[in-house]
Amino acid sequence: MKDYLATAVIIIGLVAVACGLRAATIEVRDNMDAFISDLHRQGWWASMAAIAAAVAAMLQAVQYFMSK
């Protein structure tokens, strides 16, 4: 069970990294309508990165307490 948790932490951590990189690489254009749309997309990817990082941290805490 501990090995599965460790694998899940790694995979979800990589998902968080990928979402964060995607958010950081979205081009924000100068047009006002496009600007708002770009910010919305960037915010969505950043929030997915934050959620994935939180899940990875919770799973890591579960893994830690299971090892005690």
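The protein carries 5 positive and 5 negative side chains, and the centres of these two sets lie 15 Å apart. Lys and Arg count as positive and Asp and Glu as negative, whereas His and the chain ends are not counted; each charge is placed at NZ of Lys, CZ of Arg, CG of Asp or CD of Glu. The structure is a predicted model, in which local features need pLDDT of at least 70 and side-chain atom pairs count only at pLDDT 80 or more, while totals for chains, interfaces and linings use all residues. Residues are numbered from 1 along each chain as its sequence is written, and side-chain values use heavy atoms, with hydrogens and water left out.

Two helices and zero strands are present in the protein, both terms referring to DSSP runs (helices: H or I, at least four residues; strands: E, at least two), numbered from the N terminus. Along the principal axes, the C-alpha atoms fill a box of roughly 55 × 15 × 10 Å. Of the 68 residues, 16% count as buried, that is, under 20% relative accessible area, with exposed meaning over 50% and partly exposed in between (1.4 Å probe, protein chains only).

Two aromatic pairs are counted, a pair being rings of Phe, Tyr and Trp (its six-membered ring) with centres within 6.5 Å; planes under 30 degrees apart are stacked, over 60 edge-to-face and the rest tilted. The rings of Trp-44 and Trp-45 have centres 5.1 Å apart and planes at 90°, so this pair is edge-to-face. Tyr-64 and Phe-65 also form an edge-to-face pair, at 5.3 Å centre to centre and 70° between the planes. Tyr-64 is partly exposed at 45%, whereas Phe-65 is exposed at 60% relative accessibility.
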